[in-house]
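I opened my notebook on a new structure today and went looking for what holds its side chains together. Here is what I looked up, entry by entry.

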Amino acid sequence: MTAQGTEGSTGNALVEGLAYLFTLSRPRFWLYLAGPVVVGVAYAAGDVPDLFAPVAVALFGYFLVPANVYLYGINDVFDRDVDEANPKKEGREARFSGDAWVVAVVAVAGLLLVPLAAATPAVAWPYLAAYAVLATEYSAPPLRFKTTPFLDSLSNGLYVLPGAAAYAAVAGQHPPLAALAGAWLWTMAMHTFSAIPDIEPDRAAGIRTTATVLGESRTYAYCFATWTAAAIAFAVVDYRLGLALGVYPAFVAWVARSSIAVDRAYWWFPYLNTVVGTVLTLGALWRLTHG
């Protein structure tokens, strides 16, 4: 093979590798981790320059890409056998390739949190530390929360923690407890709803989750109740936040009573979450510029 041919082969392999990592990181869900950072910074900011503070930009950058590579990468590594029968892995998601370089990239993506934490105010460290533990142990042994009913739901509060860390880093104090509780409840319902399409593959693989234990109809009820509790908790902070979050119990009730396939509705949530997150952020920015 000529040198030019070798370079071309290497270039193709690099492009294919990057494309694989892109799919593995679930780009449709990137804002599930980075979005809370934006909301947290918007509500913590005391003036416009705070929105672009170096620590805010660094947190957003990490939780936009590296954190997703780590979170979903470690999930795919330890779910390799289960994912063989999971139809969600066809096209929109990637099955773990088994390559050592993928494991190395996933590990590096996780370790990047260490220098980020070192550059972040100490008040944010508990949230970053809790995120690291939950993001790892959700999928990895020995705890592997995702295989324990109700702990799989509870542990998904990990999605709240980037926003809490960003709020604490910019404001210099912890976020309101009611907002933290409401956001945690929101993630619990979001995770459990997303597990409904996996009920049959998980049961076939012998995996027990909140959704497999409850079954589809009772899982809808669980999500409705948890999202309603989330809206109430946010209303304690500000009734307008409660109204914005009220769209979720209404949505899950509509899906449960309609003929819409849940695996189709599942893919609508990134758009719904983006709209709600945008509304929350615009409300914070209005307060900042007109308060």
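Before the first entry, a definition I needed: helices here are DSSP runs of H or I with at least four residues, numbered from the N terminus. I also kept in mind that this is a predicted model.

Entry 1: I started with helix α12, which covers residues 199-204 and holds both E200 and R203. The two are three residues apart, about one turn of the helix. I found a salt bridge between E200 and R203, with the closest N and O atoms 3.6 Å apart. Buried or exposed, I wondered about E200? E200 is exposed, because its relative accessible area of 54% is over the 50% cut-off. R203 has a relative accessible area of 42%, so I noted R203 as partly exposed.

**Entry 2: the other salt bridges.** How many salt bridges does the structure hold? I counted three. One of them joins D76 to R26, with 2.9 Å between the closest N and O atoms. D76 sits in helix α4 (residues 66-78) and R26 in the loop between α1 (3-24) and α2 (30-44), so this pair ties together parts that are 50 residues apart in sequence. Both D76 and R26 are buried.

I then turned to D238 and R240, whose side chains meet in a salt bridge at 2.8 Å, N to O. D238 has 22% relative accessibility and counts as partly exposed. R240, at 55%, counts as exposed.

Entry 3: Y32 belongs to helix α2, while Y159 is in the loop between α9 (151-154) and α10 (161-171), so the pair ties together parts 127 residues apart in sequence. Y32 and Y159 are both buried.

Y248 and F269 gave me a stacked pair, with 6.4 Å centre to centre and 15 degrees between the planes. This pair links distant parts of the chain, with Y248 in helix α15 (residues 247-257) and F269 in helix α17 (residues 269-290), 21 residues apart. Y248 is buried at 2% relative accessibility, and F269 is buried at 0%.

Which residues do ring pairs link into a cluster together with Y248 and F269? I wrote down W186, F193, Y220, W227, F251, W254 and W268.

Entry 4: Helix α13 runs over residues 210-237 and has 28 residues. Its end C-alpha atoms are only 29 Å apart, short of the 40 Å that a straight helix would reach at 1.5 Å a residue. Where does α13 bend? I found a bend of about 105 degrees at E216.

**Entry 5: a nonpolar patch.** My last stop was the surface, where L31, V38 and F60 form a nonpolar patch. Together they have about 220 Å² of accessible area. F60 lies in helix α3 (residues 54-64), and at 30% relative accessibility F60 counts as partly exposed.

Technical notes: Residues numbered from 1 in each chain as written. Predicted model: local features only at pLDDT ≥ 70, side-chain atom pairs only at ≥ 80, totals over all residues. Heavy atoms only, no water. Expected span 1.5 Å × (residues − 1). Bend = angle between axes of the 7 residues up to and from the residue. Salt bridge = Lys/Arg side-chain N within 4 Å of Asp/Glu carboxyl O. Buried < 20%, exposed > 50% of the residue type's maximum accessible area, 1.4 Å probe, protein only. Phe/Tyr/Trp six-rings, centres within 6.5 Å; stacked < 30°, edge-to-face > 60°. Patch = residues over 30% accessible without salt bridge, like charges linked within 9 Å, V, L, I, M, F, W, Y side chains within 5 Å. Areas by Shrake-Rupley, 256 points an atom, 1.4 Å probe, with all protein chains shown as cover.
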